[in-house]
Amino acid sequence: MKFCIALVAFCFAAMVSVKADGENAEVEQAKEMLRGLASECKTKEGATDDDVERFVNDKMPESRTQKCLAGCMQEQFGISNGKAFQEDGFIEIAKMLMKGDESKIELAREIAADCKDVTNEDRCELALDIMTCLKNSAEKHGIELKH
């Protein structure tokens, strides 16, 4: 369970990065854990180490393989079902990450609501659509992103 929470925290932070002091060590730890957890998706999608690094470092996917890797990871953690964004899954991730900070959880709800209608029959393109929507919504809500 601990590894899921750390990964989920990283995934949410990667999508809506909020800068705060003292998070660098936590982010690096989560990135290392994410590399390990990505191995199943890496194999399934035929991704390279470079593809995994792009995902871990919050780079928008460019190649089909990178999109499919992102899709696989989103599916593993309940952000996507392969056909649509999963609003409830995203909110659950936010709750774990935000540890009861209601203002941040409410912001995550607003971001999730903005993206609730994101669908795509192509699970790999869906991953990019979700990432784009989350990025745009976060920016709309005044959250500075790393990109």
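**Figure 1. Gln-66 in helix 5 of the predicted model**. Helix 5 covers residues 64-76 and includes Gln-66. With a relative accessible area of 11%, Gln-66 is buried, because the cut-off for a buried residue is under 20%. Leaving aside residues up to four places away in sequence, Gln-66 touches Asp-51, Arg-54 and Pro-61.

**Figure 2. The disulfide of Cys-41 and Cys-72**. Three disulfides are found in a search of the whole structure. In one of them, Cys-41 is joined to Cys-72, with an S to S distance of 2.0 Å. The angle about the S-S bond is -75 degrees, and the link of Cys-41 and Cys-72 is left-handed. Cys-41 belongs to helix 3 (residues 39-45) and Cys-72 to helix 5, so this pair ties together parts that are 31 residues apart in sequence. Cys-41 has 0% relative accessibility and counts as buried. Cys-72 is buried too, at a relative accessible area of 6%.

**Figure 3. The disulfide of Cys-68 and Cys-124**. The sulfur atoms of Cys-68 and Cys-124 are 1.9 Å apart. This disulfide is right-handed, because the torsion about its S-S bond is about 100 degrees. The pair links distant parts of the chain, with Cys-68 in helix 5 and Cys-124 in helix 8, 56 residues apart. Cys-68 counts as buried at 8% relative accessibility, and Cys-124 is buried with a relative accessible area of 2%.

**Figure 4. The disulfide of Cys-115 and Cys-133**. Here the sulfur atoms of Cys-115 and Cys-133 lie 2.1 Å apart. The link between Cys-115 and Cys-133 is left-handed, with -105 degrees about the S-S bond. Cys-115 is part of helix 7 and Cys-133 is part of helix 8, so the pair ties together parts 18 residues apart in sequence. Both cysteines, Cys-115 and Cys-133, are buried. With bonded cysteines counted along the chain, the disulfides of the protein chain follow the pattern 1-3, 2-5, 4-6.

**Figure 5. The largest nonpolar core**. This core has 17 residues. Those with the most contacts inside it are Phe-85, Phe-90, Ile-111, Cys-115, Val-118, Ile-130 and Leu-134. At least two residues of this core are supplied by each of helix 6 (87-98), helix 7 (102-115) and helix 8 (123-140). Helix 8 gives the largest share, five residues.

**Figure 6. Helix 6 and the residue after it**. The twelve residues of helix 6 should span 16 Å at 1.5 Å a residue, and the end C-alpha atoms are 16 Å apart, which agrees. Gly-89, Phe-90, Ile-91, Ile-93, Ala-94 and Met-98 are the buried residues of helix 6. An α-helix has 3.6 residues a turn, so residues three or four places apart point the same way. Phe-90, one of the buried residues of helix 6, is also among the residues with the most contacts inside the largest nonpolar core. Lys-99 follows helix 6 and has a positive phi, near 45 degrees.

How values were computed. Residues numbered from 1 in each chain as written. Predicted model: local features only at pLDDT ≥ 70, side-chain atom pairs only at ≥ 80, totals over all residues. Heavy atoms only, no water. Helix = DSSP H or I, 4+ residues; strand = E, 2+ residues; numbered from the N terminus. Buried < 20%, exposed > 50% of the residue type's maximum accessible area, 1.4 Å probe, protein only. Contact = heavy atoms within 4.5 Å. Core = buried A, V, L, I, M, F, W, Y, C linked by side-chain atoms within 4.5 Å. Disulfide = S-S within 2.5 Å. Expected span 1.5 Å × (residues − 1).
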